[in-house]
Amino acid sequence: MGHILLTIEGMTDYLLSPGARLEAEIERKRSRFITVIERVSTVEEARAVIQGEKERFPDARHWCTAFVVSIPGSSPVLNSSDDGEPSGTAGRPMLDVLTGRELVDVVAVVTRYFGGTLLGTGGLVSAYSDSTAEALRGAAIFERVMLPQYEIMFRHADAGRYIAALEAGGFSTSQEYLASGVEVKVASANKSELFGLVASVSSGAAEPRHIGEIAVEIPAGELA
């Protein structure tokens, strides 16, 4: 069936928009190649998307697939399937498109309706890779990066204006209101700017405390 399962290291994590579902269709010698690409979080979610496309097009000839799913603390899992096409002509070319764009947490399904004319090895590789690339064209992507996370305690009376100052300075915050005060968490790669702003707005009464790292997603443009 042309099934491949492996892991790789050293990839930058780029992701589609949350909830993204991309679609495209191309035709080669009357064969239709219908592509769906979605963002997923787990291998199980990827397999559910694949099953959904099989149910959507139950009379198709092939449902070729590729997915990349990140695993916290490990390298991502990569999977591809030719689903009856000649080995290496469908799933792997699709996977190459995904990994070539350094995408993770993504699944691609190309459904083929056979048009009566054999495309040959090169024609199949071209059709499956081109259909996958076409679905991705113009898609917004985000880069997942690990940033230091800091915790700051503010008095209830001061928290509102201090948080407003942080957000006006470009820092995203989350807050938890406790009996002892307001616990504010901030992720930032710019330690000196954060510490300086907190010292300024609180007149030195508050100081960020490093509590670890957190993954954040930042806009990274669109795919060509």
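Is Tyr128 buried or exposed? In this predicted model, Tyr128 has a relative accessible area of 0% and is therefore buried, since buried means under 20%.

The whole structure contains four aromatic pairs. In one of them, Phe33 and Tyr128 have ring centres 5.1 Å apart and planes at 85°, so the arrangement is edge-to-face. Phe33 belongs to strand E4 (residues 31-39) and Tyr128 to helix H3 (residues 120-136), so this pair ties together parts that are 95 residues apart in sequence. Phe33 is likewise buried, with a relative accessible area of 0%.

A further edge-to-face pair is formed by Phe154 and Tyr162. Both Phe154 and Tyr162 are buried. The geometry of these two pairs is set out below.

| Aromatic pair | Centre to centre | Angle between planes |
|---|---|---|
| Phe33 and Tyr128 | 5.1 Å | 85° |
| Phe154 and Tyr162 | 5.0 Å | 70° |

A ring also takes part in a contact with a charge: the charged end of Lys191 sits over the ring of Phe195, at 5.4 Å from the ring centre.

**Backbone angles**

Most residues other than glycine have a negative phi. Asp105, however, has a positive phi, near 55°. Asp105 is found in the loop between helix H2 (91-100) and strand E7 (106-113). With a relative accessible area of 5%, Asp105 falls under the 20% limit and so counts as buried.

Ser203 has a positive phi as well, near 55°. Its loop runs between helix H5 (191-201) and strand E11. Ser203 has a relative accessibility of 69%, which is over 50%, and is therefore exposed.

**The second largest pocket**

The second largest pocket holds about 210 Å³ of space. Its lining consists of 13 residues, and those nearest the centre are Leu147, Phe171, Ser172, Ala187 and Val216. Two or more lining residues come from each of strands E8 (140-154), E9 (173-178), E10 (181-187) and E11 (209-222). Strand E10 gives the most, with three residues.

**Domains**

The domain assignment of the chain gives domain 1 as residues 14-137 and domain 2 as residues 144-218. Taken over C-alpha atoms, the centres of domain 1 and domain 2 are separated by 42 Å.

Notes:
Residues are numbered from 1 along each chain as its sequence is written. This is a predicted model: local features need pLDDT of at least 70, side-chain atom pairs count only at pLDDT 80 or more; totals for chains, interfaces and linings use all residues. Side-chain values use heavy atoms; hydrogens and water are left out. On a 1 Å grid over the protein atoms alone, a cavity is a set of points where a 1.4 Å probe fits but cannot get out, and a pocket is an open set with protein on both sides within 12 Å along at least five of seven lines; lining residues have an atom within 4 Å of a point. Grid points are joined across faces, edges and corners, and a volume is the space filled by probe spheres set on the points. Helices (H or I, at least four residues) and strands (E, at least two) are DSSP runs, numbered from the N terminus. Domain bounds come from an automatic or database domain assignment. Rings of Phe, Tyr and Trp (its six-membered ring) pair if their centres lie within 6.5 Å; planes under 30 degrees apart count as stacked, over 60 as edge-to-face and the rest as tilted. Buried means under 20% relative accessible area, exposed over 50%, partly exposed in between (1.4 Å probe, protein chains only). A charge sits over a ring if NZ of Lys or CZ of Arg is within 6 Å of the ring centre and within 35 degrees of the ring normal.
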